[in-house]
Amino acid sequence: MMDWTTSHFRYLARQLSRHALLYTEMVTTGALIHGDTERFLRHEPAEYPLALQLGGSDAGELAHCAKLAEQFGFDEVNLNVGCPSDRVQNNMIGACLMGHPDKVAEGVRAMIEATSLPVTVKHRIGIDGRESWDDLCEFIEKVAAAGCRTFIVHARIAILEGLSPKENRDVPPLKYNWVYALKQKYPELEIIINGGIKTFDECHEHLRHTDGVMLGREAYNNPWLLASVDSTFFGSPESPLTRHDALRAMYPFIQS
Ligand SMILES: Cc1cc2nc3c(=O)[nH]c(=O)nc-3n(C[C@H](O)[C@H](O)[C@H](O)COP(=O)(O)O)c2cc1C
């Protein structure tokens, strides 16, 4: 999440859960190629497992950045097809790419050829003008044919004309059933559900229908939730960690 899942937050999150997969903020291919690459990719090994999220659509640039992800030690490289901001739309980045499944497939194929890391896609269930079930299936099938096995699905459409990015995280209704239906239709794919999920009870319910759950805002606003993730979902013994321990564990990071 832009400006939220910085290295500082991820380091804290990792003190609380050893197993939850963490994601960087979105970094655009342009920023990585023409900007200060080191600065954009800097992270602590203590943050692993960690996925780098890319924003972009040029296959050559995506391939180059997927290679960088591997060189810098990330565990996964993820393509953003969900961000609705105007700024990125103008550069063919984010949710507008839901309208260009062939382009996404081409980018994903190039990334897969360039790296041995898992290449995953985070997307919406649609965008205004392309919000039918068939549109969504066409997107999934084309991107899966390019080799993507894991789809992280924010269970609402993005409305590119008229809503702000913040409104696009709350206003379009959540349709969890659509994500469940994707898993039923494509059982061979890993389908991770995202959007509006706050409690472990909700997570358990979603896990009856999907392969995984991604929490965004709740993990950030209520990070102590992460302290029970390993024992609840990964079979680890109950952690004796206290909030005080977690704070103490941040000292070396803060000092450095
Ligand atoms: C401040 C903020 C920044 C975000 N930045 C990104 C981003 O860089 N990439 C992305 O895929 N999603 C981004 N999102 C969307 C979240 O990843 C997530 O899909 C959305 O908030 C819905 O899930 P939630 O209800 O669990 O938060 C952002 C959300 C927020 C609140």
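Mentor: We'll take one histidine, then some aromatic rings. This is a predicted model, where local features need pLDDT of at least 70, side-chain atom pairs count only at pLDDT 80 or more, and totals for chains, interfaces and linings use all residues. Residues are numbered from 1 along each chain as its sequence is written, and side-chain values use heavy atoms, leaving out hydrogens and water.

Trainee: Is histidine 43 buried or exposed?

Mentor: Buried means under 20% relative accessible area, exposed over 50%, partly exposed in between (1.4 Å probe, protein chains only). Histidine 43 counts as buried because its relative accessibility is 13%.

Trainee: Which backbone oxygen does the side chain of histidine 43 reach at 2.7 Å?

Mentor: A polar contact is a pair of N or O atoms within 3.5 Å; within protein, one must be able to donate a hydrogen and the other to accept it, and residues adjacent in sequence count only if both atoms are side-chain atoms. Here the oxygen belongs to leucine 41. The backbone oxygen of phenylalanine 72 is 3.4 Å from a polar atom of the histidine 43 side chain.

Trainee: How many aromatic pairs are there?

Mentor: Rings of Phe, Tyr and Trp (its six-membered ring) pair if their centres lie within 6.5 Å; planes under 30 degrees apart are stacked, over 60 edge-to-face, the rest tilted. That rule gives five aromatic pairs. One of them joins tryptophan 133 and tryptophan 178, edge-to-face at 5.7 Å centre to centre with 90° between the planes. Ring pairs also link Trp4, Phe9 and Tyr220 into a cluster.

Trainee: And how open is tryptophan 133?

Mentor: Tryptophan 133 is partly exposed, at 26% relative accessibility.
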